[in-house]
Amino acid sequence: MLGLLWYVTNLTTNPSFDVLLADTVKLLTGRRLLQIANVRLWVTSFAAAPVFLTTYFALRRWYVTAVFAASLTLSFFVLTTDAGVVTTLLGVVGGVAALGFGTLDSVASEGA
């Protein structure tokens, strides 16, 4: 959230909350990220929170929650049509692998 606030404060215009909400809805209905003003700043500000949350949950061994946070981000990019087939497939395989290896980790730690 702090990253998105940083993005909004660095825009050359001063958009209202309604405009930002409308842009988010447009993104979720297929508008590409490349149509956003200052897209590099937006991606930098957006990517920080999901990466932090996924890492935090994985290090705490909350694998299901970590995969859920990552899958929400991947779903967002799939809906904006910016995630291609290979990116989506790798994300899904990575999520399934994280859940599988997390289950193995919990079973192994119970047996020790």
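This is a predicted model: local features need pLDDT of at least 70, side-chain atom pairs count only at pLDDT 80 or more; totals for chains, interfaces and linings use all residues.
Residues are numbered from 1 along each chain as its sequence is written. Local features need pLDDT of at least 70 and side-chain atom pairs 80 or more, while totals for chains, interfaces and linings use all residues, and side-chain values use heavy atoms, without hydrogens and water.

Start with the fold. The protein has five helices and zero strands. Helices (H or I, at least four residues) and strands (E, at least two) are DSSP runs, numbered from the N terminus. Along the sequence the pattern reads α-α-α-α-α. Of the 112 residues, 20% count as buried. Buried means under 20% relative accessible area, exposed over 50%, and partly exposed in between (1.4 Å probe, protein chains only). The protein exposes about 7,900 Å², and carbon and sulfur atoms supply 72% of that area. Accessible areas come from the Shrake-Rupley method with a 1.4 Å probe; for residues, only the protein chains shown count as cover.

Now the contacts, meaning heavy atoms within 4.5 Å. Among contacts with a separation of 6 or more, 66% join residues 24 or more positions apart. R31 and T80 are 49 residues apart in sequence, yet their C-alpha atoms are 5.6 Å apart. R31 lies in the loop between α2 (17–28) and α3 (39–59). Leaving out residues up to four places away in sequence, R31 touches D23, K26 and T80. R31 counts as partly exposed because its relative accessibility is 23%.

Next, the aromatic rings. A pair of aromatic rings is described by the distance of the centres and the angle of the planes. Rings of Phe, Tyr and Trp (its six-membered ring) pair if their centres lie within 6.5 Å; planes under 30 degrees apart are stacked, over 60 edge-to-face, and the rest tilted. The count comes to four aromatic pairs. F57 and W62 are stacked, at 5.8 Å centre to centre and 25° between the planes. F76 and F77 have ring centres 5.6 Å apart and planes at 80°, so this pair is edge-to-face. F76 is buried, at 11% relative accessibility.

Ring pairs also link F52, Y56, F57 and W62 into a cluster. Y56 sits in helix α3. With a relative accessible area of 14%, F57 is buried. W62 is partly exposed at 39%, and Y56 is partly exposed at 35%.
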